[in-house]
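Notebook open. I wanted a look at the ligand site first, then at some helix packing.

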Amino acid sequence: MTSNKQVLTWVEDMKSLLKPDKVMWIDGSEEQLEGLRAEAVRTGEMMKLNEELLPGCYLHRTNPNDVARVEDRTFICTRTQEEAGPTNNWCDPKEMYKRLYDIARGSYQGKTMYIIPFSMGPIGSPLAKIGIEITDSIYVVLNMAIMTRIGARVFDVLGDSNDWVRCLHSRCDIDPEKRYICQFPEDNTIISVNSGYGGNVLLGKKCFALRIASYQGWKEGWMAEHMLILGLENPKGEVKYIAAAFPSACGKTNLAMLIPPKYLRDKGYKVWTVGDDIAWMRIGADGRLYAINPENGFFGVAPGTNENSNYNALQSTKKNTIFTNVALNLDNNTVWWEGLDKNPPVHALDWKGNPWDPSKFVKSDKSTYAAHPNSRFTAPAINCPCISSEFEKGEGIPISAIIFGGRRAKCAPLVYQSKSWENGVFIGSAMASETTAAAAGAVGVVRRDPMAMLPFCGYNMGDYFQHWLDMGKKLGKNAPKIFNVNWFRTDDEGNFIWPGFGDNMRVLNWIIDRCEGTADAVETPIGYVPKAEDIDLTDLDMDIDTLRSILKVDRATWEKEAAEIEEHYKKFGNKLPKELRNQLEMLKANLAK
Ligand code: OXD
Ligand code: MN
């Protein structure tokens, strides 16, 4: 399939190490993929679901010890620990290669080695990058076929180039004690052993498109970010694009696929999805920042996804989708998860494959759930009813606004605009979210997650902040405007005040108006906040005073926040850019005025 010498040498090296019985190059043809689906059904690796109700859909269950990303076993193996920085696990590359090769040696005996050439981004796009994943799992091949662009076409674009990422995955024994997800940014290499869970084994996603790509972006002058991308169309048919970063459990996929409230739909407003998780952004010939979604599908969290919370995501899962760790409805061979609807199946198997009794369900006890809380759907992007017509556009789409956000019960207002790019980088670097009752551990604990990249930045986060500042300098007046949103302010009883979901469009409209220079704002110590009357409340059961309450910037709360940011900054030592230290000093001074 290729005569690229580096590729062939690496494949031969991997063959000698792993000792597969057979080797299969994935050409991307439907015929080959169909053969693999049949093989996976034969071995029990996947189950075919109801062809009439869910055509082309399959169910897969992972080992119960292997259901999520494992941050404590994820390493950035740069030559020095300083390059990996204070927020990453680090190991010397030589030592880690040895450990991983010792674990993987001979692990493909009796198995087939699948070689998947893939492109992150439309094949041939100037913003795209190529990877090759070697795996012993058909589930991985079929998921990669949804999440990325795969097959022989990729080699045509690669030619003899050595600009590709080596991705090795071996399930080994799914032994959690020997599970490692390792990135070697200086070698364009990823190695993942002893896992079969998506986030750890679909190596194009977090490992390549964020950890390795963030490092590449730093070296090459572009950005790989944990951001959704959406297009907002106004009644004149003009579309403006927004990229937004939120920590997990803040509704990124929901925002990416938002349906505007009826009164705005009636006027002709629309939202188009470009991506729900990752954005790669480069400065274009006209000096503006252009973004692509490097992925080709959605690896979304199933629980909570329903007709109301995210109609478009649910529609995306109706065909050619792989479900992982959801419940199986035995009456009609379809799938179910908590929050899908109010009709739990009467005869079902839970995510582990055990009979499930809906009458034993207790909300506070996850062991009674039918679907694992982190169960997933892998759905092709083209299934999404609101997929952007620009989705395949290789040169990307121009970004007007960047949004940061988190879950803050009392602190951040509904929305505010940064005073400058530098101030926006400061806001992103201090980004935080509070833990909810849905997660284990104490409720309301603030976790700092700069730019939502804490688990995904492939190098020293101090350098990463500097890279953001440098990009702003290059962009100059063309820099997107930076905003912060918080959909999660609560009242004294702990109820959310803002309705969220589709109504977030009201806030996005203000953001776009600010970018266009057509909306006013009030200057506060933290940035520009909307005038309450500029957020449209039509058809909403909310009075303007309630809106004012969630736009309020409380000085005492923010003084405490500034002290916490100071503490957070300490871990970056002398890598913290002086501009960010100045920003913190300016915030403190503004609050003292
Ligand atoms: C994801 C994540 O799966 O951010 O997208 O954890
Ligand atoms: Mn993500």
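How far is an oxygen atom of ligand 1 from an N or O atom in the side chain of Lys206? I get 3.0 Å, a polar contact by my cut-off (a pair of N or O atoms within 3.5 Å; within protein, one must be able to donate a hydrogen and the other to accept it, and residues adjacent in sequence count only if both atoms are side-chain atoms).

Notes on the source: this is a predicted model, with local features needing pLDDT of at least 70, side-chain atom pairs pLDDT 80 or more, and totals for chains, interfaces and linings using all residues. Residues are numbered from 1 along each chain as its sequence is written, chains are lettered from A and ligands numbered from 1 in the order written, and side-chain values use heavy atoms, without hydrogens and water.

Back to the site. I also found an N or O atom in the side chain of Arg376 at 3.0 Å from a ligand 1 oxygen, and a polar side-chain atom of Asp277 at 3.3 Å from one. On its own ligand 1 exposes 210 Å², and the protein buries 85% of that (Shrake-Rupley, 1.4 Å probe).

I listed the residues around ligand 1 as Arg69, Lys206, His226, Asp277, Arg376 and Phe456 (a heavy atom within 4 Å). That shell splits into 4 charged, 1 polar and 1 nonpolar.

Next, helices (DSSP runs of H or I, at least four residues). I looked up helix 16 (residues 555–570) against helix 17 (residues 578–592): their axes, fitted to C-alpha atoms over the stretch in contact, come within 10 Å and cross at roughly 160 degrees. So helix 16 is roughly antiparallel to helix 17 (an angle over 145 degrees).

Last, I checked helix 12 (residues 421–429) with helix 13 (residues 461–475), and they pack at about 155 degrees with axes 10 Å apart. That makes helix 12 roughly antiparallel to helix 13.

Conventions. Ala, Val, Leu, Ile, Met, Phe, Trp, Tyr, Cys and Pro count as nonpolar, Asp, Glu, Lys and Arg as charged, and the others, Gly among them, as polar. Axes are lines fitted to C-alpha atoms, for helices over the stretch in contact, and angles run from 0 to 180 degrees between N-to-C directions. Helices (H or I, at least four residues) and strands (E, at least two) are DSSP runs, numbered from the N terminus. Angles under 35 degrees count as roughly parallel, over 145 as roughly antiparallel, 65 to 115 as roughly perpendicular and the rest as oblique.
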